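Please have the sequence and the coordinates at hand while reading.

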Amino acid sequence: MTAAMDCTLTKLSEHTGIEVRGVDLTRPVDAAIRSRLNRAFSEHSVLVVRDQHLSPHQLLDAVRLFGEIFPQQDKKFSLPECPLIHYVSNQDRYPDGTRYIPGAGYHTDHSNAAAPPKATVLHAVNLPDRGGDTQYVNMHRAYENLPASMQLRIDGLRAMHVYQSRHSTRKLMALSEENRQAIPDAVLHPLVRTHPETGRKAIYLNPIRIEGIEGMAESDALALLDELLEHARQPQHEYRHRWLPGDLVMWDNRCLLHKANGDYDMKQVRYLYRIMLKGDVPA
Ligand SMILES: [Fe+2]
């Protein structure tokens, strides 16, 4: 039997983010609520479901309301009891002993895949008392606020994405040979993509993974990407998520950049489950 749920949705900012209350994802969700949540996700790009306390397997079931699970690249972070779910933690270190803060610096997830994940979900297990916000930039808004001359210039360009761009200022953890062989060397994606559900255009860039732009000199490509990122990250395009215990946050990688903040007391453990959903080939 499906539980009756008094589900309320509230916008979190003018352009990005919607909060869901009154849903218990440990229980079956009926078709009407499921389609309402999916629509809210497409329209608002960040879906925040409050007050959830899900085991890894419950999280897996909940996330399947929105699509199929995308296998993540670096299996080092997968949960032994539920390998499709990975963790994000501030307790991991690079081999040289420095602390690894996953996701610092604006990016979109796994854009080096031929069909990158449409969404990433984080579920808070342990949060610091304060700080550790996740920042988002709405790339629909960023595209729509470009001068028409710049829109014309970038429409039709394609960028090359790799696991780790040599231009990236943030270094990822090295992949094991087995993990590395499972992902493509490089893929080309449009620099402006159209959202398959809403038809809106968005700038699709990723400073961690873009190596260059097809047919463009490297210095021109880097200057253009810097200019677009500078434009995109203006405060009027941003939604900043302040985490509450029990939050389940799902964001749309097709039209957002996101970044983590390591601005909190590192003696406190910050630990979240992470899971992704399959997406289309960008077009
Ligand atoms: Fe990320």
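The structure is a predicted model. An iron ion is held by His107, Asp109 and His258, and the largest nonpolar core contains 37 residues. The largest cavity has a volume of about 510 Å³, and the largest pocket holds about 360 Å³ of space.

**Iron site**

- The iron ion is coordinated through NE2 of His107, OD of Asp109 and NE2 of His258, at 2.1 to 2.2 Å.
- Along the sequence, the donor residues follow the spacing H-x1-D-x148-H.
- Asp109 and His258 link distant parts of the chain, being 149 residues apart.
- Asp109 lies in the loop between strand 6 (82-89) and strand 7 (119-126), whereas His258 belongs to strand 16 (residues 256-260).
- Asp109 counts as buried because its relative accessibility is 4%, under the 20% limit.
- His258 is also buried, with a relative accessible area of 5%.

**Largest cavity**

- The count of cavities of 30 Å³ or more comes to 2.
- The largest cavity, with a volume of about 510 Å³, is lined by 32 residues, and those closest to its centre are Tyr100, Pro102, Gly103, Asp109 and Arg274.
- The lining of the largest cavity comprises 12 nonpolar, 12 polar and 8 charged residues.

**Second largest cavity**

- The second largest cavity has a volume of about 60 Å³.
- Its lining includes Val88, Ser89, Asn90, Pro102, Tyr264 and Arg270.
- Strand 6 and strand 17 (271-277) each supply at least two residues of the lining of the second largest cavity.
- By class, this lining divides into 7 nonpolar, 3 polar and 1 charged.

**His86 in strand 6**

- His86 is located in strand 6 and counts as buried, at 3% relative accessibility.
- Leaving aside neighbours within four places in sequence, His86 is in contact with residues including Gln72, Asp74, Lys75, Phe77, Tyr273 and Arg274.

**Nonpolar cores**

- Within the largest nonpolar core of 37 residues, those with the most contacts are Met139, Ile154, Leu191, Ile203, Leu205 and Leu228.
- Helix 6 (residues 218-232) contributes the largest share of this core, 6 residues.
- Beyond four places in sequence, Leu191 touches residues including Ile154, Leu157, Arg158, Ile203, Leu205, Leu224 and Leu228.
- A second, separate core of 33 residues includes Cys7, Val23, Ala40 and Val49.

**Largest pocket**

- The largest pocket contains about 360 Å³ of space.
- It is lined by 18 residues, of which His167, Pro207, Ile208, Asp226 and Leu229 lie nearest its centre.
- The lining of the largest pocket divides into 9 nonpolar, 6 polar and 3 charged residues.

Conventions: Residues numbered from 1 in each chain as written. Predicted model: local features only at pLDDT ≥ 70, side-chain atom pairs only at ≥ 80, totals over all residues. Heavy atoms only, no water. Donors = N, O, S within 2.8 Å, 3.2 Å for Na, K, Ca; no water. Helix = DSSP H or I, 4+ residues; strand = E, 2+ residues; numbered from the N terminus. Buried < 20%, exposed > 50% of the residue type's maximum accessible area, 1.4 Å probe, protein only. Core = buried A, V, L, I, M, F, W, Y, C linked by side-chain atoms within 4.5 Å. Contact = heavy atoms within 4.5 Å. 1 Å grid on protein atoms, 1.4 Å probe; cavity = no way out; pocket = protein on both sides within 12 Å on 5 of 7 lines; lining within 4 Å. Points joined across faces, edges and corners; volume = space filled by probe spheres on them. Nonpolar A, V, L, I, M, F, W, Y, C, P; charged D, E, K, R; others polar.
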